[in-house]
Amino acid sequence: MVRNPQLDAHGALRHLLSIEGLPRDVLVNILDTARPFVSVTEREVKKVPVLRGKSVFNLFFENSTRTRTTFEIAAKRLSADVINLNINASSASKGESLLDTISNLSAMDADMFVVRHSQSGAPFLIASNVREGISVVNAGDGRHQHPTQALLDMYTIRHYKQSFTDLTVAIVGDVLHSRVARSQIHALSILGVPEIRVVGPKTLVPDAFARMGVRVFKRMEEALRGVDVVSMLRLQNERMDGGLLPSAQEYYKSYGLTAERLALAKPDAIVLHPGPMNRGVEIESSVADGSQSVILPQVTFGIAVRMAVMSILGVG
Amino acid sequence: MSASPAFPMVDPAALPAADTLVEALVAQLRTTVDPARCAMVGIHSGGVWIAERLHRMLGLALPLGTIDVGLHRDDLETSGLRIRMRASMIPFEVAGADILLVDDVLHTGRTIRAAMNELFDYGRPDRIRLAALLDRGGRHLPVAATFLGAHVALEAGREIVLERDAQDTLLLEVRARSGPREPAA
């Protein structure tokens with residue numbers, strides 16, 4: 001069997017590249033470790049010395065102000081030095097190869113790379129070429145994975161629902177192109193969620209997803225009936241341009257999360273969204289701001305979860 | 001380190017019961033602690049168990065706080081994060097508080113340093129005093145207990161561990177030190 005490149009010889013986390021293939025213990029340890037970091041964010045001094053003296057490089061080959069900012073806050077609250085590199089605007093445009101960029105940054109004594117790239121697998125490539133002692137965190141690669149987003153979603157679900165083993169979770173929207181959905185499906189399965197549903201138009205939620213162990217629904221009303229968790233995905237405008245959807249209005253009519261549709265879920269069901277959200281396209285404003293929405297707690301927990309991941313990678 | 005004359009020295013082969021040492025602490029604290037003002041904080045795990053008893057017996061008005069020093073330890077680089085760290089819970093205003101920190105066994109003083117750093121992240125206390133069940137000596141830092149159950153002299157390579165069973169009975173045990181690294185106590 002090929003060893004999981006994210007784990008060292010003792011099974012400890014060395015890089016966080018993908019949720020797929022991670023043992024349940026590793027996921028649970030990240031969620032458990034995040035809990036004390038939530039309490040750090042509630043103090044007057046929101047800083048602990050866990051990564052003091054370490055350098056974290058945020059390498060964003062694809063724009064993302066929000067994810068980059070949450071990683072930056074997390075690293076700073078761990079007392080690391082954070083260097084933000086917007087690669088689009090620098091070396092790549094001068095023709096330097098990805099691995100040359102990494103070698104150069106490694107020579108600047110980097111301890112951790114947080115990588116966002118439009119190409120699936122780019123963080124894997126980097127992780128397999130960095131020297132011992134440098135960790136890589138995937139902050140989203142192509143359509144492949146967004147592991148820290150899925151982990152913060154799991155933390156949020158556990159916070160409100162306590163356990164995973166009796167839940168029904170519906171993931172709604174552009175599942176096909178979503179690295180968030182892919183990571184969520186892996187995480188929910190590993191943590192023992194018995195029923196994972198995916199729903200959206202056929203062009204965005206093909207039947208082939210059933211092979212991932214999820215139930216594929218075409219009608220929103222059926223998919224939401226009796227669920228404990230509704231996880232919304234962002235609808236990217238490119239999908240309309242590519243002919244996969246007629247219009248945002250059409251989409252909202254069939255798959256928008258309205259108060260009326262949410263009423264089909266359990267009365268205590270929670271609503272997640274990874275942001276940035278399009279009100280009136282995938283979610284009704286009154287739902288986004290309603291009592292069942294946990295979208296803002298997700299953001300707060302996201303910092304704690306990223307602190308946990310970076311601590312585990314940084315000091316073991 | 002020589003025992004301060006104020007607190008008794010006990011033989012590791014004949015350790016008093018943990019609850020006897022708790023009683024000894026209560027006797028010292030009753031005359032010096034103001035139950036209306038004293039903000040007690042136990043250090044996980046053993047210190048919390050002791051603090052729960054002291055808090056109850058002294059009838060303190062402010063709720064009990066608990067601290068996990070995991071994020072302020074000075075050996076993270078070599079030993080890594082402990083699994084199952086707990087969140088510190090400080091349910092009172094630290095700024096201006098009269099804090100009584102509680103731990104089970106005082107040894108190198110490093111845990112107390114970490115606990116004080118953690119407390120200062122919440123605010124600037126008026127005063128911090130330390131109550132410990134046992135002081136086994138071997139300090140690496142200039143830390144001393146204000147209140148102490150007893151001193152105990154241990155041979156190198158031995159450690160004292162406080163355990164709690166399902167009936168909430170506290171048990172002190174002297175045993176060979178586990179693991180290669182310096183204990184953080």
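Reader: How many residues of chain A are in contact with chain B, and how many of chain B?
Author: In this predicted model, 18 residues of chain A are in contact with 17 residues of chain B, where contact means that the C-beta atoms of two residues, placed from the backbone, lie within 7 Å. Local features need pLDDT of at least 70 and side-chain atom pairs count only at pLDDT 80 or more, while totals for chains, interfaces and linings use all residues. Residues are numbered from 1 along each chain as its sequence is written, and chains are lettered from A and ligands numbered from 1 in the order in which they are written.

Reader: Which elements give two or more residues to the side of chain A that touches chain B?
Author: Those are helix H1 (24-40) and helix H12 (295-315) of chain A, and H1(A) gives the largest share, 8 residues; helices (H or I, at least four residues) and strands (E, at least two) are DSSP runs, numbered from the N terminus.

Reader: Switching topic, how is chain A divided into domains?
Author: Domain 1 of chain A covers 24-145 + 300-315 and domain 2 covers 147-298, with bounds from an automatic or database domain assignment. Their C-alpha centres lie 26 Å apart, and the contact between them takes 21 residues from domain 1 and 21 residues from domain 2.
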